[in-house]
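Some notes on side-chain packing follow, for comparison with your own reading.

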Amino acid sequence: MNKNFIGMDGFVWFIGVVEDRDDPYLIGRVKVRCFGHHTKNIFELPTEDLPWAQVMLPVTSAGISGIGQSPTGLVEGSHVFGFFRDGEDRQEPVVMGSLPGYPIKSPLVEEGIFTQEQANQADILSGGFRDPKGVYPKYTGAPDTSQLATMVPYNPDFHFSYVEMTEQVKRFQNIGTAIVEPMQLASAFISKGGGSIFGIVADIITGAVANVIGANVLGPTSTLGGFTTDIKRIAGNISTEGTNFLQSTLGLTKEVIENSANLVEKKTISQGVIAASIKLTTLPSGEDLLKAGMSLTGTDDIGNFILNVDSPDTMKQLFSDAAEAELINNYNKADARVKEGLSVINSSASRVLDPTILGIRGALGTVETTLAQSAALDVSNSQLRDSAGAASQGSLVTITDKLTGVVTAVAEDFGSDALTQIKTAIGDQGISIPQKATVTKAGIDKLMNNFIGANSDSFSMPDPPAVSGTYPHRHVYETESGHIMMYDDNENSRTIQQRHATGTQYMVFNDGTKLDHIVSDHIIGVEGTSYTNIQEDQIVTLNGRYKIFVNKDEQRDNNYDIVVGANANINIQVNKGDLNINVLDGRINANCSDNFNMIVGGDTNIITQGDYTVNAGGEITLQGEKIYLN
């Protein structure tokens, strides 16, 4: 029996280093210099004279007709393990796998005399068993395992993709969302010859709330006022403990803190500092800001980053005269409400301040006793009851908490006439974008709860997940140009990421949130129909234009339909510009089951080429300074 074939005449094993992978047959072969079998001397045995080694694929690859994974994962400098299938002749090596290691750092690199690339180039002349092109290894003194699998800083300091992801997050912080200001019902301003009560009622409620919570709380532009504002350099304006806090938590150097361009602005009442923000020329990481109890609110005119102090504990760290935590929390809530538009606004009775968020009586200038508050409210309610159209409505402003004396102003259904009804619901449409649910169906806190602005009028891209104890539960596939696939199985950090070398990527976070970040354009081509079902909200912010072209092929009944369910409105707001509707060949039809109201700040002009007909089931009223009939 012939025994001169593989498996019957013994195995000859080898460990070696890949020196060439440019296989002319394109089947993944590599040239390996094998320890003990081949000399280190590249002049006695040049790389081109080494035999080609075939690579072994796993059973998940067919190894035929291109089915499965391509056999092209090795690079010059890879340490590999295998056997010679021709035994002692040792001319037909087979690579079974690669061997990651822990390359020792060169003393010249350690001392900063050479970069790693320069050291690689210098080592080429010392012989084989290394990358003859001098590209690999890209770093030494660290494991060959991807930094994304260990999340341990190597050389370079940290993986480029994680650093770039942090920079991408900074570019997408505090994205403003459109706040549509619903128009008060035009019927509130329209009368049949008498004066509208809208302005009267608005003035009464505004005065009532100002009297009850203290006029000095609300400034003339509906912001929270009545505070002493101080703007100084950081150095000397915060405590020594606060300076140490900024250094240790935000990683700021003494030079940055002492830089005259870095300022702190604080608001103070008699009880101490109640609000503060810091301007810095450099932006700390999102993770550091979160730990420090601070958040990025924007930039000033010269590009300084404005960081708001959110946490009362941080306030106490920074300022020796910080107010009590309860007062700081109350101020932050009140300030958020005012910025959200839930404040006393001139000529808007549908949205008035809900002072329950102010909490402690006296802290922000409120009337000192519930008795005084009651008296002020009685006067206001008497005025409301005596006003035209509001006589039957009873108390519109009420005390909701006898202990603290906080007050809620309610503006609902005052005016029994259909032409003077205003409901609070009008002011509630489109003001904020709250999360419909804070917990996923799997019982995990929703990630975006941490990245929606305090007043729900802005949102940010989520930070890349900060994980600990990653090894060995992070599984990473990384190519030489920087393409990455990562699967994280760490508890509470389960993540999937696929990233292009340019930075375009998608990420699935622990709670199931999916993030798509595209550094260039996004193009979708659908040959059939596209269906989208969203259970909650869809929020879109654009810096450019938004155009929809329907019925490109001009087929019949390909309509553009917008349907809004019961109890919701359509709000369209143009901050500055025109609203144009052009029907080039057809009609404009409007069908309204209730009143059709319109407010025009200037003239109303109607030009018709044909007849103009008005049919009314009741009276037709014309009211003006002069009426011309020609």
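Is Phe83 buried, partly exposed or exposed, and at what relative accessibility?

1. The model is predicted. Phe83 has 9% relative accessibility and therefore counts as buried, the limit being under 20%. Trp13, at 44% relative accessibility, counts as partly exposed.

2. Six aromatic pairs turn up in a search of the whole structure. One of them joins Trp13 and Phe83 in an edge-to-face arrangement, with 6.2 Å centre to centre and 75° between the planes. This pair links distant parts of the chain, since Trp13 belongs to strand β1 (residues 12-20) and Phe83 to strand β4 (residues 79-84), 70 residues apart.

3. Phe14 and Phe84 also pair: their ring centres are 5.1 Å apart and their planes are at 50°, so the pair is tilted. Phe14 is in strand β1 and Phe84 in strand β4, so this pair too ties together parts 70 residues apart in sequence. Phe14 and Phe84 are both buried.

4. Trp13 and Phe83 also belong to one aromatic cluster, together with Phe11 and Phe81.

5. Helix α2 (residues 116-123) has Gln116, Ala119 and Asn120 as its buried residues. Viewed down the axis of α2, these buried residues fall within an arc of 100°, so they line one face of the helix. The cover over the buried residues of α2 includes α1 (107-110).

6. A charge-over-ring contact involves Lys514 and Tyr506: the charged end of Lys514 sits over the ring of Tyr506, at 5.1 Å from the ring centre.

Terms used. Residues are numbered from 1 along each chain as its sequence is written. This is a predicted model: local features need pLDDT of at least 70, side-chain atom pairs count only at pLDDT 80 or more; totals for chains, interfaces and linings use all residues. Side-chain values use heavy atoms; hydrogens and water are left out. Buried means under 20% relative accessible area, exposed over 50%, partly exposed in between (1.4 Å probe, protein chains only). Helices (H or I, at least four residues) and strands (E, at least two) are DSSP runs, numbered from the N terminus. The arc is that of the directions from the helix axis to the C-beta atoms. Contact means heavy atoms within 4.5 Å. Rings of Phe, Tyr and Trp (its six-membered ring) pair if their centres lie within 6.5 Å; planes under 30 degrees apart count as stacked, over 60 as edge-to-face and the rest as tilted. A charge sits over a ring if NZ of Lys or CZ of Arg is within 6 Å of the ring centre and within 35 degrees of the ring normal.
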